[in-house]
Amino acid sequence: MPIVPPTHSVERSLRRAGAKIVVGLDEVGRGAWAGPVTVGAAVTGLRKAPEGLTDSKLLTELRRRALAPVLADWVTAYALGQATPQECDELGMTAALRLAAVRALEALPVEPDAVILDGKHDYLGGPWRVRTVIKGDQSCICVSAASVLAKVHRDGLMAELGEGYPDYGFADNAGYPSPVHRAALEEFGPTEHHRLSWAYMDGLPKWRHLKRVREGAGDGQGSADEQLTLGF
């Protein structure tokens, strides 16, 4: 089935409602075992998108890497925000996502009047005016741009971190579950870049004593839709 290009439809509706500057937000790294969670923020205006733009997950690595610098020059403005693995452990994923998103929004050189947020859950909240869009990274141009920019940045960061931990395969798995990643965890345990409150730690008997339990956890930190366990 051919990929349907994203449009400015949602952005136009927000503009008709009075929003002059609309920013698209998308996250990457939510379900990873290691590395930060990263949120991209992109302002695109209503210009025609570069050819081939869509959700970063639908693009090959080669295409994403080629498209990212084109997008960086094309967008009106963009910024990236991150929450560290330690912040993910301390806050839980919902709050960590909000922290990363706020950092991205505050780093923008413009102040948005409205935010298009990929997904069905508003993890951002006030004071921003938020419109959630399921599969917004496929259907909304500004969210698609944020998706690609955030993905390429985080993948590059994980490849750099992987130079110090070659056994974990970060350059290939970006901190997500993989056989190589699992084998390294079982033999060597988690690194400083791992999220120690994640459920995969329960499948590491040798290292289970290192697991962190966050007080008041209840925002989905251990749920299947937030993270993957060793039973993939």
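**Cysteines.** I looked for disulfides, meaning pairs of cysteine sulfur atoms within 2.5 Å, and the structure holds zero. I kept in mind that this is a predicted model, where local features need pLDDT of at least 70, side-chain atom pairs count only at pLDDT 80 or more, and totals for chains, interfaces and linings use all residues. Residues are numbered from 1 along each chain as its sequence is written, and side-chain values use heavy atoms, with hydrogens and water left out.

I then checked Cys140: the closest cysteine sulfur is in Cys142, and at 5.9 Å it is too far for a bond. Cys140 has 2% relative accessibility, so it counts as buried (under 20% relative accessible area; exposed is over 50% and partly exposed in between, with a 1.4 Å probe and protein chains only). I also noted Cys88, buried at 0%.

**Aromatic rings.** How many aromatic pairs does the structure hold? I found four, counting rings of Phe, Tyr and Trp (its six-membered ring) with centres within 6.5 Å; planes under 30 degrees apart are stacked, over 60 edge-to-face and the rest tilted.

One of them joins Tyr165 and Tyr168: the centres are 6.1 Å apart and the planes stand at 80 degrees, so I wrote down edge-to-face. Tyr168 also pairs with Phe170, this time tilted, at 5.7 Å centre to centre and 35 degrees between the planes.

Tyr165 is partly exposed at 24% relative accessibility, while Tyr168 and Phe170 are both buried; for Tyr168 the value is 5%.

My last entry is the cluster: ring pairs link Tyr165, Tyr168, Phe170 and Phe188.
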